[in-house]
Amino acid sequence: MDPKLIDTHTHVNFQAFKSDSDEVIQRSLDSGVWMINAGTKFETSRAAVELAENYSDGVYAAVSLHPIHLFEHHVDISEEGRSFNGAGEEFDMDAYRDLISRSIKVVAIGEFGLDYYRLPKNVDPEEIKQKQKEVMIEHIKLAREVNKPLMIHCRPSEGTMDAYEDVLKILDQYCVLFSPPREGAMSGEVRGFEIHCFTGSSDIAQEFVKRGGYIALNGIITFDKSGRSDEVVKNLPLEWAILETDAPYLTPMPHRGKRNEPSYVRYVAEKFAEMKGIEPAEVERVTTANARKLFRI
Ligand SMILES: [Zn+2]
């Protein structure tokens with residue numbers, strides 16, 4: 001059956017769902033919501049693939065090494081009442097390539113990218129950023145090789161757009177997103193991209209759209225009081241929007257404070273429709289079509 005909505009980025013593969021992942025997934029599928037579980041290190045990438053393989057339809061995987069896991073450090077998500085440890089992993093491209101070859105349900109490379117918001121305290125910030133960029137480029141190379149779209153994580157340092165600006169530079173240098181290719185670009189196509197959990201300015205969103213990128217919005221739009229989400233949604237063409245939950249994090253209203261889950265993507269869709277002044281059914285139809293096109297599902 002065709003999905004009503006697609007949670008394009010979620011983590012039922014995480015510990016938070018260890019005891020009830022099957023119930024959570026079934027609840028989501030029963031409500032017409034498909035999902036892509038994203039891995040953030042090798043272990044959670046493998047778990048995402050295993051979950052996807054357990055279902056015939058509607059559950060897919062993305063694999064990657066998240067920038068937060070490049071160094072060993074304590075990561076405090078105090079606004080979510082959680083914390084975890086950065087794994088300090090090296091990106092083993094052969095291992096990821098092998099993982100991808102094991103399942104046709106791996107539909108994207110992600111979430112990889114740049115995170116300048118929570119830098120490990122014990123390492124020189126420039127060294128960390130350099131490492132993040134190198135690993136980001138490795139992911140792009142792998143994505144091109146296996147012909148999968150990019151699911152990009154990008155979080156700038158407080159009050160800036162720095163990481164977005166660097167992602168744009170890397171995309172322009174390493175991805176041929178348009179023909180004719182930009183000057184200095186490497187040959188070879190990437191199979192599309194999206195910016196997951198977009199929290200940048202409307203101007204930055206337009207820069208990604210210009211390059212053929214989808215903007216992924218989540219529960220943040222239901223509780224953002226800064227006005228930035230309004231601006232982004234207002235100016236974003238519906239054809240370039242996709243929806244996600246990033247569960248277990250970023251729980252949308254009215255369930256703020258509880259664990260998030262894929263079926264809650266409907267609250268994101270409802271809020272998006274309200275902000276844009278269009279019918280929820282239109283949001284469901286177009287964002288689902290966008291996600292199916294990008295991820296070929
Ligand atoms: Zn995520």
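Below are my entries, one topic at a time.

**Ground rules.** I am working with a predicted model, where local features need pLDDT of at least 70 and side-chain atom pairs count only at pLDDT 80 or more, while totals for chains, interfaces and linings use all residues. Residues are numbered from 1 along each chain as its sequence is written.

**Annotated site.** I started with the record: an unreviewed UniProt entry puts "binding site" on His153 and His196.

**His153.** I found His153 in strand E7, residues 150-155. Strands (E, at least two residues) and helices (H or I, at least four) are DSSP runs, numbered from the N terminus. Is His153 buried or exposed? It is buried, with 24 other C-beta atoms within 10 Å. The cut-offs are 20 or more such atoms for buried, 12 or fewer for exposed, and partly exposed in between, with C-beta atoms placed from the backbone. Leaving aside neighbours within four places in sequence, the contacts of His153 include His66, Glu111, Asp115 and His196. Contact means that the C-beta atoms, placed from the backbone, lie within 7 Å.

**His196.** I placed His196 in strand E8, residues 193-196. His196 is buried too, with 27 C-beta neighbours inside 10 Å. Beyond four places in sequence, it contacts His9, Glu111, His153 and Glu244, among others.

**Gly192.** I looked at the loop between helix H5 (162-174) and E8, where Gly192 lies. Gly192 is partly exposed, with 19 other C-beta atoms within 10 Å. Pro149 is 43 residues away from Gly192 in sequence, but the C-alpha to C-alpha distance is 4.9 Å. Not counting residues up to four places away, Gly192 touches Pro149, Gly212 and Leu294.

**Core.** The largest nonpolar core has 80 residues, and Ala62, Ile215 and Leu217 have the most contacts inside it. Such a core is a set of buried Ala, Val, Leu, Ile, Met, Phe, Trp, Tyr and Cys residues joined through C-beta atoms within 7 Å. Strand E6 (residues 106-115) gives the largest share, six residues. Among the residues that Leu217 touches, beyond four places in sequence, are Val268 and Phe272.

**Helix H9.** I then checked H9, residues 265-276. Its buried residues include Val268 and Phe272. Just after H9, Gly277 takes a positive phi of about 70°.

Note on methods
UniProt positions renumbered as here; feature names shortened; annotations may be inferred. Contact = placed C-beta atoms within 7 Å. Expected span 1.5 Å × (residues − 1).
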